Amino acid sequence: MSTKNNVKVVVRVRPKLSEDKLWVDVVDDTTLQTVNPRDTTKTDQYEFARVFNSDCSQVDVYNNCAIDSLKHLMQGLNVSIFAYGPTGAGKTHTMLGTPTAPGIIPRSVNGLFQLIEESKEEGWKTEVSYSYLEIYNEKVHDLLVPKEQDLAIRCDLRGKIFVTDLAKEIITNKEEFNKSFGLAANNRTTASTLLNEHSSRSHSILILNVTRTQAVEPFARRHGKMYLTDLAGSENNRMTGNEGQRMRESGAIHFSLLALSNVVEALNKGQARIPYRDSKLTRLLQDALGGNSHSCLIINVAPEESHLYETQQTLLFARKSKRIINTVQKNETFVTPKMSAKKRRSEGGNNEAPIPKMPSLTPYMGRQKSSGFKTPFTPRQVQAIKEPVPFLSPLLRMSNKQNVMEESVSGMNERLLNLESTLMAQMREMNETLQTSHMNASHMNASHMNATCAHEMSTMGSSVADDALKEINNKLQELKEQQQKMQQQQQERAPSKGVPSGLADVTNSPLFCNNLPPKIKRRGFKSSAAPRNDDDFLNTPTKALRSSVINPEAQKRHNDDVLKLLNTGSIKELQVLQKVGQKRAELIKNWRQLHGDFTKVEDLTKVPGLNKRYVEGFLLCNLVVKVT
Ligand SMILES: Nc1ncnc2c1ncn2[C@@H]1O[C@H](COP(=O)(O)OP(=O)(O)OP(=O)(O)O)[C@@H](O)[C@H]1O
């Protein structure tokens, strides 16, 4: 059974940290008032589930936002608490806190173990584990077991989002958690900006998993999941003084917060497609916003005049978020306890009819040889993995199919020609034998019987040869017709099939019609071999090829087409380009929406997530060369 709940939105106002005027006022427990930044003679009022003023304690916030969530977690529900707001407004203080004033994360773990202790008598066995990750520059990093790798976000067969290879640590008490989490928290990326000495440069998500199994009938098993998220703050780069690396981080933060705001907007408008896939953050928070989760959004704001514009933007986001409705469902299954063979025998189980098997709720778990490792794939998926399909770009896939067909036809041709020559040789042999026997027969003036026999043999031999020849000729004719038909079909299909409308110009451009398959191009320029500057670029092994294949006009036309495609192509259309898959197409489109058109293809380096080396590879693969 499922229930519908609005996302709970509360606001916390940080204490004043500078001598600036205070422009935010808490009217009462649920109302907040700010000066309107566009017309300072006016004020704006906002209503939320709860408004905490700057005097409130960490305990007040925990009691209001987390205690109910913990109860839900114990019942096998998904819960999510996340802190949102501009940089320096107190998000990390709210979620993590300090050793003297611990925030929601340490208090929640403490509270969870207290609840487990209290419910011990009820006949439930509980297991708690946690994972901790950060999204830094649109890459997912494990904070428990740090490694360079960008972890992939996937969706399982039941539609649940998970992060591959994310470490999970089992904890049995709060001390164990504090010890391990203390180390992991140090791995988070923070840096000093003008607005915050310890500014979070990433979004961090702590995932608490609680699995409870009932020891008595009906043997229920409940899986609760709690997401505790400290988002990176939206920042005004003029105020933070960000440059270089900080600026790039800021770009990635803005990118994902914009995606978050687009998700909220789409949910409010009741759109059919919610753009969760536009960023890693929204993908991971998919359940928290509009999905299967009890969610609480803590909005942190700074009260000073200098933050007024960011405060107003944040409150507008908060106002929209409280309209989001989540559909919450208990994650509960029922397990049949395993009984040992001995116990079954002692209970006379052997004489009873076997208990019918319940249909399994879990996906097929193909057991691997000795390790006992289970794979969550269906047999068909396992088969597909065992037989990997060679990579081919969508453009090349069609021509590859064609090549395979042509190869098989030419192979058949060859075999038929061989057959024909063998037959001809045999026929020649037969004719010779017959002629000899005929000559012998007449020479020896044999009996009439012998002569007739020889004549019949000769006639029979030549008729067999005629039939075989006719058959071969027919087959060859058929094959020729088949080949012609295929060539005709290929010509008809080339401009339209597989290529989105309006892009035929680009894909038919002489530059795309070269004979180099993308695989070869890719192999030629592995990241280590990729050129690092313009000189390298012009001296790459394709230089000769480029100069021999490209005529400057076609080259310019092609470059313009590629640029046009980057500026106007939809996500699907962008994927016509080499080295551009779904994710990169989304990055390019989002950047375009934020910053307007690309002035040149090399501007791709400005897109967060596409580094210089990638763009160089992109230029090579798409055969875009600077026009001099
Ligand atoms: N309620 C509060 N009481 C006391 N100090 C606070 C409170 N909220 C925030 N602060 C202080 O304000 C400063 C900035 O807070 P914090 O680092 O939590 O901001 P943030 O929103 O996480 O910023 P960023 O997005 O840059 O990481 C810190 O020094 C913190 O101790």
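Below are my entries, from the overall layout down to single residues.

**Overall layout.** I'm working from a predicted model, so no experimental structure stands behind these notes. I started with secondary structure and found 21 helices and 21 strands in the protein. Next I checked burial: of the 628 residues, 30% are buried. Then I looked at contacts with a separation of 6 or more, and 69% of them join residues 24 or more positions apart.

**Cores.** Which residues have the most contacts inside the largest nonpolar core? I got Val 10, Val 11, Cys 65, Ile 104, Leu 297 and Ile 299, in a core of 80 residues. Helix α7, residues 244–268, gives the most to this core, with 9 residues. I also noted a second, separate core of 17 residues, with Val 576, Val 580, Ile 588 and Leu 604 among them.

Leaving aside neighbours within four places in sequence, Val 11 is in contact with Leu 32, Phe 48, Val 51, Phe 52, Ile 299, Val 301 and Ala 318.

The unreviewed UniProt entry carries a "binding site" annotation over Gly 85, Pro 86, Thr 87, Gly 88, Ala 89, Gly 90, Lys 91 and Thr 92. I looked up two of these residues.

Where does Ala 89 sit? I found Ala 89 in the loop between β7 (78–84) and α3 (91–95). Ala 89 counts as buried because 27 other C-beta atoms lie within 10 Å, and the cut-off is 20 or more. Beyond its neighbours within four places in sequence, Ala 89 is in contact with Arg 14, Gly 233, Asn 300, Val 301 and Ala 302.

Lys 91 lies in helix α3. Is Lys 91 buried or exposed? I have Lys 91 down as buried, because it has 27 C-beta neighbours inside 10 Å.

**Helix α5.** I ran a length check on α5, residues 174–186. At 1.5 Å a residue, its 13 residues should span 18 Å, and the end C-alpha atoms are 18 Å apart, so the two agree. Which residues of α5 are buried? My list has Phe 177, Phe 181 and Ala 184. An α-helix has 3.6 residues a turn, so residues three or four places apart point the same way. Covering the buried residues of α5 are elements including α4 (104–118), β8 (124–136) and β12 (169–171).

Definitions and conventions
Residues are numbered from 1 along each chain as its sequence is written. This is a predicted model: local features need pLDDT of at least 70, side-chain atom pairs count only at pLDDT 80 or more; totals for chains, interfaces and linings use all residues. A nonpolar core is a set of buried Ala, Val, Leu, Ile, Met, Phe, Trp, Tyr and Cys residues joined through C-beta atoms within 7 Å. A residue is buried if 20 or more other C-beta atoms lie within 10 Å of its own, exposed if 12 or fewer, and partly exposed in between; C-beta atoms are placed from the backbone. Helices (H or I, at least four residues) and strands (E, at least two) are DSSP runs, numbered from the N terminus. Two residues are in contact if their C-beta atoms, placed from the backbone, lie within 7 Å. UniProt positions are given in the numbering used here, feature names are shortened, and annotations may be inferred rather than shown by experiment. The expected span of a helix is 1.5 Å times one less than its number of residues.
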